[in-house]
Amino acid sequence: ASSAAVAGDFSANVGMMSDYIFRGIKQSDASAYAGLDYEHESGFYVGTWGADVGVGMEYDLYAGYGGSIGDFSYGIGYTGYFYTDDFDDTYQEINLTAGYSLFSVEYSFGTYDNFSGPDLDYGFVAGTVEYEGFYGTYGTFTQDFEGDYIELGYGAEVSGFDVGVAAIMSDSDLSSTGDSETSLVFSIGKTFDLR
């Protein structure tokens, strides 16, 4: 391995979700996922992640930089969301994050290719509070997208597996039914250190 690779960590992850819901929007029922990541000791990272969305696959590519000063954390990155079988079209965005102690915020802005229609610009803002595995997130879309959601959950490591449960309350703009809805999601996964 090169000296640059030795200075970082490779990891892989696999898992299952009872429902795949991202930013309050349901992507599919029970879904399997897997990912591969590399993080350099300097704070730079790159990775890919994919999930079954029922009709084809979603695969994501991302890279960025993150660091911390005491209890304050910060990050900047790029994420591209791509799909097979015309499940959806491409989203590409810049992600900005910051956190202090129990609190973190995210602001992402990007462009949606929108199949044959005009490209759409969107923003996404979220705030999260996390303590001892419990967390609460409020997220909202801006610009050409609309909608809000609240996610309350708990995650823990059990016998080497990451398990989680979350209640996700999506408003009518994000719901697949056109009415506000609440979903209960269970997940289990495992991360492998590939050093």
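How many cavities of 30 Å³ or more does the structure hold? I find one. I took a cavity to be a set of points, on a 1 Å grid over the protein atoms alone, where a 1.4 Å probe fits but cannot get out.

**Ground rules.** I am working on a predicted model, in which local features need pLDDT of at least 70 and side-chain atom pairs count only at pLDDT 80 or more, while totals for chains, interfaces and linings use all residues. Residues are numbered from 1 along each chain as its sequence is written, and side-chain values use heavy atoms, with hydrogens and water left out.

I looked up the volume of the largest cavity and got about 30 Å³. A volume here is the space filled by probe spheres set on the grid points, which are joined across faces, edges and corners. For the lining (residues with an atom within 4 Å of a point) I noted Ile21, Gly24, Lys26, Ile168, Ser170, Glu181 and Ser183. Strands S11 (161-170) and S12 (181-193) each give at least two residues to this lining. Strands are DSSP runs of E, at least two residues, numbered from the N terminus. I sorted the lining of the largest cavity into two nonpolar, three polar and two charged residues. In this sorting Ala, Val, Leu, Ile, Met, Phe, Trp, Tyr, Cys and Pro are nonpolar, Asp, Glu, Lys and Arg are charged, and the others, Gly among them, are polar.

**Second largest pocket.** I then turned to the pockets (a pocket is an open set with protein on both sides within 12 Å along at least five of seven lines). The second largest pocket has a volume of about 330 Å³. I list 19 lining residues for it, with Ile25, Gln27, Asp88, Tyr91 and Phe141 nearest its centre. Strands S1 (8-22), S2 (25-40), S5 (72-83) and S6 (91-100) each supply at least two lining residues. The largest share, three residues, is from S2. By class, I record 11 nonpolar, one polar and seven charged residues in the lining of this pocket.

**Salt bridges.** My criterion was a side-chain nitrogen of Lys or Arg within 4 Å of a carboxyl oxygen of Asp or Glu. The count is four salt bridges.

Which residues pair with arginine 23? Glutamate 93 is one partner, with the closest N and O atoms 2.7 Å apart. Arginine 23 is in the loop between S1 and S2 and glutamate 93 in strand S6, so this pair ties together parts 70 residues apart in sequence. Arginine 23 is buried at 9% relative accessible area, and glutamate 93 is buried at 1%. I use buried for under 20%, exposed for over 50% and partly exposed for values in between (1.4 Å probe, protein chains only). Glutamate 106 also meets arginine 23 in a salt bridge, at 3.1 Å from N to O. Glutamate 106 lies in strand S7 (residues 103-112), 83 residues from arginine 23.

Aspartate 19 and lysine 26 form another salt bridge, at 3.0 Å between the closest N and O atoms. I find aspartate 19 buried at 15% and lysine 26 partly exposed at 35%. Asp19, Lys26 and Asp29 are linked in a network.

**Aspartate 179.** I place aspartate 179 in the loop between S11 and S12. Aspartate 179 is exposed at 52%. From alanine 63, I get 116 residues in sequence and 35 Å in space, C-alpha to C-alpha.

Definitions and conventions:
Helix = DSSP H or I, 4+ residues; strand = E, 2+ residues; numbered from the N terminus.
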